[in-house]
There are 2 protein chains.
Amino acid sequence: MTVDTVLTPAEIDLLPRTDLSRTTCVVFDVLRATSSIVTALAHGARSVHPVLTIEEALALRERMPDALLGGERGGDPIPGFDVGTSPAEYVAAAGRRVITTTTNGTVALRACAGAARVLAAALLNVDAVASDLRRSAPQHVVIVGAGTFREAALEDVLAAGVLLHALDADAMNDASRAALAVHAATGGDLMSALRQSRNGRALAAQGRGDDVAWCARRSVWDVVPTMGADGAIRSR
Amino acid sequence: MTVDTVLTPAEIDLLPRTDLSRTTCVVFDVLRATSSIVTALAHGARSVHPVLTIEEALALRERMPDALLGGERGGDPIPGFDVGTSPAEYVAAAGRRVITTTTNGTVALRACAGAARVLAAALLNVDAVASDLRRSAPQHVVIVGAGTFREAALEDVLAAGVLLHALDADAMNDASRAALAVHAATGGDLMSALRQSRNGRALAAQGRGDDVAWCARRSVWDVVPTMGADGAIRSR
């Protein structure tokens, strides 16, 4: 198994021009999009529909009036939305479809649309994803760190390293090697690394330290969220 | 001092659209472009002129017939060129101007053209560059890892981490944090890390292990190669 890693939005922009037809993509947006997706599906959500904009979310809800609608702008709730973007809020998604607005996470997932399989991963389910990959044994895996705005996000680099450490890759690119080194340097202390990251510090400054703590937990659930041809993510 | 890091060619492509007018850029292409530049200047070369193509190199030599001309294609010497691309060959550059063909290194250096200062760095002179930055104390530093083809190169990530570790940055982006973690994970064993990298393995497979060993040495020389408005690099 060859496991390559892509860590910046600028590299993600190149994925749609890459032949991924024999590749399994694993997308991390640890703070907080994929952590929310994992939380929702682990609590019995039927599907999660990540979208980019409020407009797209509202249009989708027209077609799925039963769906739980989550999002916020600048930390403020959006009128007409059911919940914000804290992963813990998605515990309420049991039995429902979920629409959630997120920028980098949605961009990363959509960039992988041409892949044989697309999995959404977080620290919360990283070992379930690793088990799936060991079992399904694709020839090529691309780990995609969604990043933040135009930059790599430390929490996604770390998560890539945690996943790589749990796999038995026989070849990898240098970004995978770097991610493994970041994992090694943290010594397993995921919480400290997430608190040190740009997103972790920004969330703490907004009084959202609980979100960081939620997302820093390793393998709490064993769901393997898988993206369908319709862009919706369901538990395998 | 804020020290951000850029590690992939896709991010480097964005630099010309970035306001770098108050920024000092430090470009690493450890295997082997900036290691060759450092070697040449440390041995008394008057200037180094990095170019992209053989055609560009030959055109420049028309204007500078005295220049030492270095380059190769696929490991083979180029007819009419004086030397190849092994850093050790540039010891012969004493007192001369040097023209050298390199792809990623030249792209990275040219992408920084709008910066207040542009320095070429390698492990061979990393502490001299760190001293310069501590003394000149720019508000903003961008460390640029030239990478290989479209990907980050582990040796450049590591070199960025070594430089960051020698600085006293009071703010940094997540790529800088990741580079510091890569440095920490290597435990100072630069040679092993370079040998493990994609470029290091490729060079070893070509019988160029000596080049890797040459470039893995820390702070052998104290030159601080600086790019002028003409794109030529001179010792400060």
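The questions and answers below concern a predicted model of chains A and B.

Local features need pLDDT of at least 70, side-chain atom pairs count only at pLDDT 80 or more, and totals for chains, interfaces and linings use all residues. Residues are numbered from 1 along each chain as its sequence is written, chains are lettered from A in the order in which they are written, and side-chain values use heavy atoms, with hydrogens and water left out.

Biologist: Which relation superposes chain B on chain A?
Modeller: Superposition is by least squares on the C-alpha atoms of residues with pLDDT of at least 70 in both copies. A rotation of 180 degrees with 0.0 Å of shift along its axis brings chain B onto chain A, at RMSD 0.0 Å. That is the relation of a two-fold axis.

Biologist: What area is buried between chain B and chain A?
Modeller: Buried area is the accessible area (1.4 Å probe) that two parts lose on being put together, summed over both. Carbon and sulfur atoms give 60% of it here. The total is about 1,800 Å².

Biologist: How many residue pairs are in polar contact between chain B and chain A?
Modeller: A polar contact is a pair of N or O atoms within 3.5 Å; within protein, one must be able to donate a hydrogen and the other to accept it, and residues adjacent in sequence count only if both atoms are side-chain atoms. Both residues must be at pLDDT 80 or more. The count is six.

Biologist: Which element gives the largest share of the side of chain B that touches chain A?
Modeller: Helices (H or I, at least four residues) are DSSP runs, numbered from the N terminus. Those of chain B that give two or more residues are α1 (9-12), α6 (154-166), α7 (174-186) and α9 (198-205). With seven residues, the largest share comes from α7(B).

Biologist: How many residues apart are Arg110(A) and Glu56(A)?
Modeller: Their side chains meet in a salt bridge (2.5 Å, N to O). Arg110(A) is in helix α4 (residues 104-111) and Glu56(A) in helix α3 (residues 54-63), both of chain A. The pair links distant parts of the chain, 54 residues apart.

Biologist: Is Asp132(A) buried or exposed?
Modeller: Asp132(A) sits in helix α5 (residues 126-136) of chain A. Buried means under 20% relative accessible area, exposed over 50%, partly exposed in between (1.4 Å probe, protein chains only). At 4%, Asp132(A) counts as buried.

Key: A salt bridge is a side-chain nitrogen of Lys or Arg within 4 Å of a carboxyl oxygen of Asp or Glu.
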